[in-house]
Amino acid sequence: LILSEYGKLYFHRYWHYEQRLLSIINQRFNNHFGASTSEHNNSHATNKQIGEDQKQAVELSDRSTLSLISGGPGTGKTTTVLHILAHLIAQNIATPLTIALSTPTGKAAQRIHYSLSSGIISLNVSDAVKALIPTEAVTLHRLLGYKRNSSQFQHNRDNPLPFDVVIVDEASMLDLLMF
């Protein structure tokens, strides 16, 4: 057992998972891609279909290697993700990005598929960009290559996923081991 400096009692394994996650998050938030060009921001992030907070999220998404989007039901999280994907794809149309969509459950995968498919129709981007926006999601267990009867995955720190962008919907449903 570990007693933290804040008086919290942890099992060593979960304390270790939490410390590793904190380190990874800090590293990713501090690893910036560089400033976006105003041309890209003006052509894709200022779409009149989304609110100011969503526009800001789209603009910020290409400046960091980690973006977290939170909000209650119906606040536009999936719409924001759709616009972020359209923005990133439009920026990289010459050399398409590899993108993975993942969720904790199959039911959540169906929901994000439906939401993204419905949203693409009214998206104000070229047909080429629309065609490259993924809508099929897999469970995180499948994406990471869960090894039966263990707590191990095929993809991990030493064997990272082969994608440029990974979207994890419903991340609040994940436990520390999955993170």
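Modeller: Helices here are DSSP runs of at least four residues, and strands are runs of at least two. On that basis the protein chain has seven helices and five strands. The model is a predicted one.

Colleague: Which pattern do they follow along the sequence?

Modeller: The order is β-β-α-α-α-α-β-α-α-β-α-β. The chain has 179 residues, of which 33% count as buried.

Colleague: What makes Thr-135 buried?

Modeller: Buried means under 20% relative accessible area. Thr-135 has 16%, so Thr-135 is buried. Its place is in the loop between helix H6 and strand E4.

Colleague: Which residues does Thr-135 touch, leaving out those up to four places away in sequence?

Modeller: Thr-135 touches Leu-101, His-113, Leu-116, Ser-117 and Ile-120.

Colleague: Why is Asn-149 called exposed?

Modeller: The cut-off for exposed is over 50%. Asn-149 has a relative accessible area of 81%, so Asn-149 is exposed. This residue lies in the loop between helix H7 and strand E5.

Colleague: Now helix H3. Which of its residues are buried?

Modeller: In H3, residues 52–61, the buried ones are Gln-54, Lys-55, Val-58 and Ser-61.

Colleague: How do you know that the buried residues line one face of H3?

Modeller: Look down the axis of H3. The buried residues fall within an arc of 130°, so they line one face of the helix. The face turned away from the buried side carries the exposed residues Glu-52 and Asp-53.

Colleague: How do H3 and H4 pack?

Modeller: H3 packs with helix H4, residues 77–91, at an angle of about 40°. Their axes are 9 Å apart.

Colleague: Why is H3 called oblique to H4?

Modeller: Angles under 35 degrees count as roughly parallel, and roughly perpendicular starts at 65. An angle of about 40° falls between those limits, so H3 is oblique to H4. H3 passes H4 in a right-handed crossing.

Colleague: Which residues make the contact?

Modeller: H3 brings Gln-54, Ala-57, Val-58 and Ser-61. H4 brings Thr-79, Thr-80, His-83, Ile-84 and His-87.

Colleague: How do the contact residues divide into nonpolar, polar and charged?

Modeller: Three are nonpolar, six are polar and none is charged.

Definitions and conventions:
Residues are numbered from 1 along each chain as its sequence is written. This is a predicted model: local features need pLDDT of at least 70, side-chain atom pairs count only at pLDDT 80 or more; totals for chains, interfaces and linings use all residues. Side-chain values use heavy atoms; hydrogens and water are left out. Buried means under 20% relative accessible area, exposed over 50%, partly exposed in between (1.4 Å probe, protein chains only). The arc is that of the directions from the helix axis to the C-beta atoms. Axes are lines fitted to C-alpha atoms, for helices over the stretch in contact, and angles run from 0 to 180 degrees between N-to-C directions. Angles under 35 degrees count as roughly parallel, over 145 as roughly antiparallel, 65 to 115 as roughly perpendicular and the rest as oblique. A crossing is left-handed if the near helix is turned anticlockwise from the far one by less than a right angle, and right-handed if clockwise. Contact means heavy atoms within 4.5 Å. Ala, Val, Leu, Ile, Met, Phe, Trp, Tyr, Cys and Pro count as nonpolar, Asp, Glu, Lys and Arg as charged, and the others, Gly among them, as polar.
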